[in-house]
Amino acid sequence: MSDDVTQPEAEATAVAELRSIRQSIDNIDAAVIHMLAERFKYTQRVGHLKAESGMPAADPDREQIQVARLRSLALEANLDPAFAEKFLNFIVAEVIHHHERIAGRDE
């Protein structure tokens, strides 16, 4: 800290920066929620199509491809690929649950 900046001024500056950073985080969180909602609109359509066609709720081959793709994207984005995989697995589990419910096969 510079000699010409007092502790209260430094703290006030830090608090203002913290507030700004947190606002950015809040905006990103809102965007993530809206993107997830949009994603689930499409997966609901997939669920109805699968149910009407008698297809299984889960598609392990597709899931494996998606895991590999998202792990690669995570690496490119400097995000832990293991975290990306866990996040995708969480979403896929919810999607499969929705598909089973749509098909009337609550398992």
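Okay, let's start with Leu-75: its relative accessibility is 57%, so it counts as exposed (exposed is over 50% relative accessible area, buried is under 20%, and partly exposed is in between, with a 1.4 Å probe and protein chains only). Before I go on, this is a predicted model, where local features need pLDDT of at least 70, side-chain atom pairs count only at pLDDT 80 or more, and totals for chains, interfaces and linings use all residues. Residues are numbered from 1 along each chain as its sequence is written, and side-chain values use heavy atoms, with hydrogens and water left out.

Back to Leu-75, which sits in helix H2. Helices here are DSSP runs of H or I with at least four residues, strands are runs of E with at least two, and both are numbered from the N terminus. Between the C-alpha atoms of Leu-75 and Ala-12 there are 37 Å, with 63 residues separating the two along the chain.

So what about H2 itself? Helix H2 covers residues 60-76, and its 17 residues should span 24 Å at 1.5 Å a residue, which agrees with end C-alpha atoms 24 Å apart. That expected span is 1.5 Å times one less than the number of residues. Gln-66, Val-67 and Ala-74 are the buried residues of H2. Looking down the axis of H2, they fall within an arc of 105°, so they line one face of the helix; the arc is taken from the directions from the helix axis to the C-beta atoms. Over on the other side of H2, the exposed residues are Asp-61, Gln-64, Ile-65, Leu-75 and Glu-76.

Next, the loop between H2 and H3, where you'll find Asn-78. Most residues other than glycine have a negative phi. Asn-78 isn't a glycine, yet its phi is positive, about 60°. Asn-78 counts as exposed because its relative accessibility is 75%.

Now on to helix H3, residues 81-102, which contains Phe-83. Phe-87 lies in H3 as well, four residues from Phe-83, or about one turn of the helix.
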